[in-house]
Amino acid sequence: MTLGYRDLPAIPFAVASARRFARPAGARWSGLSIGPDGEVFMSHFAEGVGSTVLGVNGDPINLKLPNSTTFVAGHLQRFVDGRWLVVDSRTEDFEPNAHIFTPDGTFSHAFYAGDGIETVLIDAADRIWIGYYDEGVFGAGDYPPGHAAREFGPNVLVRLDDHGQMEFAFNYAARGRKIWAIYALTSDDDNRIWLSALSERVFAPALASVDGQAIEFTLDRAPDGGAAISVASDHFVFFGGSDHPCMVTIVERASRRLRLIQLRDSDDRPLSPALVATRGGMAVALHDDALYRLDLELLLDALGPWHEGNSSTVDFAVRYMDEEASYAPRSVLTRSTGAVADDRSTPRPPGNAPRDDDCGGARLRGDD
């Protein structure tokens with residue numbers, strides 16, 4: 001018998017750290033990525049110092065802007081040809097916020113990539129993909145007609161060349177199936193681009209992919225948006241679902257059945273990564289000052305065999321999310337007065353408690 005999502009256990013998985021790092025006092029982790037060749041890079045940021053980029057061995061990689069200008073490596077990517085791309089999420093007017101460096105770290109050039117950037121990815125063909133959150137999507141209307149921000153953000157996902165020229169725009173290509181915000185972005189082993197996004201049609205997370213100019217919605221309703229997603233030939237993985245950063249949802253692509261994992265550290269405490277990066281079935285996470293490998297094969301080994309008695313379905317998960325959303329308090333804007341009024345939510349029935357998946361408190365991006 002298939003388990004309901006409410007009764008689906010989250011299997012504890014104590015994951016061993018792959019490497020530990022030391023950060024300067026006052027610095028915070030700001031970027032984490034996996035290059036097209038599988039190399040892992042990260043960055044930390046300190047006020048007045050800017051970002052420092054590290055290789056997986058912990059050695060600093062010297063990327064410097066002209067005149068010793070500091071930058072924020074919130075989004076760090078490497079091209080197949082060895083060049084570097086560093087993108088800051090926020091910018092104003094036409095101020096360049098995407099910086100390209102040669103393989104040896106010498107500054108090459110910069111371009112404007114839009115405001116409100118949620119995620120950046122360089123694929124195996126050296127194409128730049130940028131996804132935007134609501135500040136970039138809806139805030140673009142504050143810019144004058146003809147400004148690039150009005151093309152970038154409202155399309156939610158764009159592909160740019162290495163000088164910032166647009167080659168693909170999701171909402172333009174999707175026509176009647178628009179998205180409103182990006183949750184996560186990755187690529188699979190065939191260099192197909194996958195995105196978890198807020199769907200306009202159902203105003204909930206959906207899972208879609210882009211192959212060339214072709215768009216396909218694989219899950220009209222995903223079990224959750226996820227802070228990161230991983231896509232392999234037989235599985236989808238959503239990291240950090242339902243506002244529980246230590247939770248991982250694994251979906252069998254063929255059956256649409258799913259199982260849950262709760263990440264634990266070596267002391268058996270919930271492990272809630274500040275940053276997760278994925279590519280294909282490979283995944284890495286930063287928690288405090290340790291790097292963890294969360295590759296799909298490790299997660300599947302922790303779960304063991306699947307059967308109806310230990311798995312649920314995407315449909316059951318979606319029903320649960322919708323039900324829980326109906327119990328949550330909401331606020332509505334009164335048009336006549338402009339006042340915010342409480343909108344009484346549906347009372348929770350007795351004995352209908354939500355899942356108890358304590359992750360020890362939510363973590364913000366880069367907040368250690």
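I counted five helices and 28 strands in the chain, where helices (H or I, at least four residues) and strands (E, at least two) are DSSP runs numbered from the N terminus. The radius of gyration is 21 Å, close to the 21 Å that the globule rule gives for 368 residues, so the chain is as compact as a globular protein of that length. For this I took C-alpha atoms, and the rule is 2.2 Å times the number of residues to the power 0.38.

I noted that the model is predicted: local features need pLDDT of at least 70 and side-chain atom pairs pLDDT 80 or more, while totals for chains, interfaces and linings use all residues. Residues are numbered from 1 along each chain as its sequence is written, and side-chain values use heavy atoms, without hydrogens and water.

I next looked up burial and found that 52% of the 368 residues are buried, meaning under 20% relative accessible area with a 1.4 Å probe, protein chains only.

I then searched the whole structure for disulfides (cysteine sulfur atoms within 2.5 Å) and found one. The bond joins Cys246 to Cys359, with 2.0 Å from S to S. Cys246 lies in the loop between β20 (235-239) and β21 (247-252), and Cys359 in the segment after β28 (340-343); the pair links distant parts of the chain, 113 residues apart. The angle about the S-S bond is -75°, and the link of Cys246 and Cys359 is left-handed.

I checked both cysteines for cover. Cys246 is buried at 0% relative accessibility, and Cys359 is buried as well, with a relative accessible area of 5%.

Key
Buried means under 20% relative accessible area, exposed over 50%, partly exposed in between (1.4 Å probe, protein chains only).
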